Amino acid sequence: ELGRDLAIVYGIIGESQKNSGDLSGAITSYQIAIGLQPARGELYRGLGGTLWKAQRLSEAREAFLMAARLNPADSQALLAAADLSVEIGDPHTASALITQVKGDSAEIERTRLKVQASGLIAMVQSVSEGERESGIKTLRRIMLDHPWEPDVLAAVGYGQLKLESPQDALD
């Protein structure tokens, strides 16, 4: 019971440190808490959020995946892992993760759209130069049918295609 209580205290300290900008201290606090109670998914989720804030994206994704393994109902951990997979440039993993998310909220839908867009962009970038124009036109048509927001487009690398916007002429 003492280990459980200490883990909770270290988790609270970690969250406080993260919120005050002491990311290194927060990571250490979460790691201590996890060492005391390795089966507590919320500690891995806290560590994941801190690592994400510290731009340690691969490690953050792994922490969120562990949180989801420990608590399969933790849709926030799955969403975060899918979002990070997009940021890392791994649309296949992102797509696999998003299919596991239960529920129907604006946040879930936003992440689903981001995952779909990252997969489409990866596809367009992988085709030969001759097929590229056709792929870009298809991507633009799809994007015109969805409420794409600038931050979603930036997150999935739309700008790397060197296009102005989805509303560009389709000819």
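Gln55 sits in the loop that connects α3 (41-53) to α4 (57-70); helices are DSSP runs of H or I, at least four residues long, numbered from the N terminus. The model is predicted, with local features needing pLDDT of at least 70 and side-chain atom pairs counting only at pLDDT 80 or more, while totals for chains, interfaces and linings use all residues. Residue numbers start from 1 along each chain as its sequence is written, and side-chain values use heavy atoms, without hydrogens and water. Gln55 is not a glycine, yet its phi is positive, about 65°. Its relative accessibility is 56%, so Gln55 is exposed (over 50% relative accessible area; buried is under 20%, partly exposed in between; 1.4 Å probe, protein chains only).

Arg61 belongs to helix α4. Arg61 is buried because its relative accessibility is 13%. Its side chain makes a polar contact of 3.1 Å with that of Asp90 (a pair of N or O atoms within 3.5 Å, one able to donate a hydrogen and the other to accept it). Beyond neighbours within four places in sequence, Arg61 contacts Ala81, Leu84, Ser85, Ile88, Asp90 and Thr93 (heavy atoms within 4.5 Å).

Helix α6 spans residues 91-98, and its buried residues include Pro91, Ala94, Leu97 and Ile98. These residues cover an arc of only 125° around the axis, so they lie on the same side of α6. The arc is taken from the directions from the helix axis to the C-beta atoms.

Leu2 is located in helix α1. Leu2 counts as exposed because its relative accessibility is 63%.

How values were computed:
Helix = DSSP H or I, 4+ residues; strand = E, 2+ residues; numbered from the N terminus.
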